[in-house]
Amino acid sequence: MTLDVVTGGAGFIGSHLAEELLRRGRRVRVVDDFSTGRRANVPAGAELLEGDVNAVAAEAARGAEVVYHLAALPSVPRSVERPLECHRATARGTIEILAAAEKAGVRRVVVASSSSVYGDTPTLPKREDMPPRPLSPYAAAKLAAELYTRSWAALTRLETVALRFFNVYGPRQDPDSPYAAVIPIFLRSLREKRPMPVNGDGLQTRDFTYVGDVVRGLIAAGTAPGVSGRVYNLAGGRPVTILELGRALAKLAGTEAAFEHRPARAGDVKASHADGSAMRRDLGMSTDTPLEEGLRRTWEAR
Ligand code: NAD
């Protein structure tokens with residue numbers, strides 16, 4: 001049986017990916033240091049290699065056909081507070097994985113990048129050929145990871161693909177971290193019958209992408225021919241304001257939307273949504289789960 005590796009497989013997106021790969025009959029090795037992930041997220045049937053990707057990269061890559069590299073410290077505000085920690089996990093960790101994968105004869109490494117690399121470029125939708133303008137250490141580390149990914153594809157036999165995720169949501173997203181994402185925070189507020197906390201005016205837009213679509217995109221990027229060295233947006237392309245999102249969630253909870261506004265966060269961008277045409281063309285992928293449907297599944301999975 002062929003082995004796939006999921007770094008960050010105890011996290012939100014990585015655990016969904018590991019589950020789907022197992023469902024498709026692959027052998028799966030999860031590599032995670034549990035810095036933000038949880039033991040309970042590692043699916044039954046997956047092999048677990050516990051450790052920092054910087055320390056266990058060689059062991060992680062051994063015998064693998066595809067490495068899905070999702071391990072990172074995924075938070076803009078956390079990276080502003082602790083930039084070196086972010087760099088080590090996100091940028092340096094990617095070099096370690098690429099070098100180990102090349103040495104081990106892995107066919108392809110698929111790396112999770114982020115829409116944050118676009119920064120505050122006013123042009124919408126965000127296209128992959130736009131010049132990146134990272135605003136935070138997190139975005140800078142993700143851009144570095146992309147560039148290393150591309151250089152390994154150019155210089156070695158290792159195939160690499162980087163995917164820019166936008167705002168991914170779905171069951172199992174952690175609401176307890178001090179750096180939690182907006183949907184789990186809103187869901188918890190609704191459950192506890194408190195107003196939903198909004199940074200700034202709530203008119204900032206995001207391209208919310210259901211985790212099941214992201215998992216299909218990752219697997220497509222692991223298998224599609226002729227895409228090595230490329231970077232793709234992986235998102236639906238539909239901008240939604242934070243206030244619209246809160247209203248949609250309140251409707252699911254059967255209540256009126258109530259918001260509590262807070263100061264805008266440093267490093268946050270005002271508007272962000274993807275041009276998904278390259279992903280559709282080259283990966284044969286569409287992120288087609290409607291927001292209402294994805295939110296309903298997330299709400300019901302509580
Ligand atoms: P997550 O925090 O749930 O998952 C990250 C996982 O990586 C965790 O299990 C964590 O313990 C592990 N990890 C961190 N540093 C590690 C290290 N040095 N060695 C080994 N394991 C380590 O976050 P997520 O939302 O599932 O994000 C997965 C990937 O997608 C990350 O690379 C993130 O930057 C990227 N991403 C996520 C989003 C989103 O909306 N969730 C958006 C853009 C990009």
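Start by selecting Gly254, which comes after helix α8 and has a positive phi, near 70°. Helices here are DSSP runs (H or I, at least four residues), strands are E runs of at least two, and both are numbered from the N terminus. This is a predicted model, so local features need pLDDT of at least 70 and side-chain atom pairs count only at pLDDT 80 or more, while totals for chains, interfaces and linings use all residues. Residues are numbered from 1 along each chain as its sequence is written, and side-chain values use heavy atoms, with hydrogens and water left out.

Now step back to α8 itself, residues 242-252, and pick out its buried residues: Ile242, Leu243, Leu245, Gly246, Leu249 and Ala250. Buried means under 20% relative accessible area, exposed over 50%, and partly exposed in between (1.4 Å probe, protein chains only). Look down the axis of α8: the buried residues fall within an arc of 155°, so they line one face of the helix. That arc is taken from the directions from the helix axis to the C-beta atoms.

Among the residues Ile13 touches are Leu70, Phe165 and Leu218, not counting residues up to four places away in sequence; contact means heavy atoms within 4.5 Å.
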